Amino acid sequence: MALIAAGLALAGGAVAIWLLGGGAPPSGTITGRTYYVSPQGSDAAAGTSAGRPWATVARVTRARLRPGDGVLFKGGAAFSDATLELRASGTKDAPIVYGSYGAGRARLTRGVFLAGAGGIVIQDLDVTGPDQGIASAGSIGIGSQDVTLQRNRVHDTGVGINSAHPQDSGWTIRDNTIARTRDSGLIMAGERALIAGNTITVTGRDPSIAYGKHGIYLKGAYGTVTGNRVQGFHDSGVSVRRRDSRVVDNDIRDGAIGISWFQEDTTGGRSEWRDNRISGTTGADVFVASSDAAGGTRESFVITGNRLSKANGVYLNLAPTTGRYTVARNVMR
């Protein structure tokens with residue numbers, strides 16, 4: 001069987017090479033046409049080479065992209081003319097990819113908005129300044145499915161990353177840095193999210209926001225939060241609202257509550273919170289409320305193998321549930 005080699009220029013000048021002998025290329029690989037954007041370019045240019053790039057974010061928003069295509073912004077440059085609006089969709093196996101080329105990350109100062117688009121990869125960008133760093137539409141269409149955000153730096157925003165549509169699904173948010181947000185660092189309304197390997201620091205800085213401000217606000221069911229570092233949050237490091245969550249092997253420190261539950265799901269499930277390291281909390285390391293918008297708590301919880309080290313308050317504050325608790329092998333210091 002013949003194998004075909006292909007490559008893609010990435011941030012820093014590296015080339016990713018894969019062999020196509022069946023199966024999809026790695027996530028974030030451009031398999032179609034690549035378009036380039038530089039402040040030294042022209043929106044009248046073809047955009048299909050680094051020597052003839054487009055100039056503006058607005059030109060990218062107008063582009064008719066197809067599954068497998070990619071748009072690369074010049075690394076180290078700032079783009080401030082418009083919000084990057086993603087309207088065209090890729091597929092799970094042939095996503096539309098947005099990233100940087102050359103040295104460093106390109107900086108987008110007016111954010112990224114997924115206007116109902118799915119099959120998207122956003123990687124290696126620096127997003128700073130807007131009220132929503134990277135966000136999906138809260139009410140347009142059926143949400144955004146199969147979205148990957150990886151290796152981005154999102155900072156000094158209102159919300160860092162916001163999966164705002166309840167019908168978003170299949171988001172992967174990995175290896176990003178989110179820092180200094182006025183509101184929550186990450187809000188996940190969609191189901192089946194994987195939130196892995198991110199560093200989320202100094203969130204919820206705006207005292208005028210009266211509602212809860214969290215490091216990770218997990219509002220969708222079947223979410224997995226694993227291997228993240230969450231530090232310096234206002235209310236909860238990880239706040240869970242719907243069934244069947246997995247919060248595993250995270251480092252959560254320096255805020256009011258490490259992991260919290262509030263019943264916003266009409267259906268009970270089984271949430272597994274294990275092997276986390278929680279320290280420096282002032283209210284509780286792990287908290288389960290007795291009721292919330294959907295009535296009395298009905299979730300079952302497996303809370304095992306966590307290392308708990310509060311500053312004040314209590315280690316565990318677990319209200320009654322009509323589900324079941326399994327609490328074992330937690331180390332309290």
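Here are legends for a few views of this predicted model.

**View 1. The whole chain.** The protein chain has one helix and 35 strands (DSSP runs numbered from the N terminus: H or I of at least four residues for helices, E of at least two for strands). Its radius of gyration is 21 Å, close to the 20 Å from the globule rule for 333 residues, so the chain is as compact as a globular protein of that length. That radius is taken over C-alpha atoms, and the rule is 2.2 Å times the number of residues to the power 0.38. Along the principal axes, the C-alpha atoms fill a box of roughly 65 × 50 × 35 Å.

**View 2. The open sheet.** Twelve strands line up in the order β3-β4-β7-β10-β13-β16-β19-β22-β25-β27-β31-β34, with parallel pairing (two strands pair if DSSP finds at least two bridges between them). At the edges sit β3 (34-37) and β34 (325-328), each pairing on one side only.

**View 3. Zooming in on β16 and β19.** Strand β16 (residues 172-174) runs parallel to β19 (residues 194-196), and three bridges join them. Look for R174 opposite A196 in β19.

**View 4. Inside the chain.** Of the 333 residues, 52% count as buried, meaning under 20% relative accessible area with a 1.4 Å probe, protein chains only. Among contacts (heavy atoms within 4.5 Å) with a separation of 6 or more, 61% link residues 24 or more positions apart.

**Notes.** Residues are numbered from 1 along each chain as its sequence is written, and side-chain values use heavy atoms, leaving out hydrogens and water. In this predicted model, local features need pLDDT of at least 70 and side-chain atom pairs count only at pLDDT 80 or more, while totals for chains, interfaces and linings use all residues.

Terms used. Buried means under 20% relative accessible area, exposed over 50%, partly exposed in between (1.4 Å probe, protein chains only).
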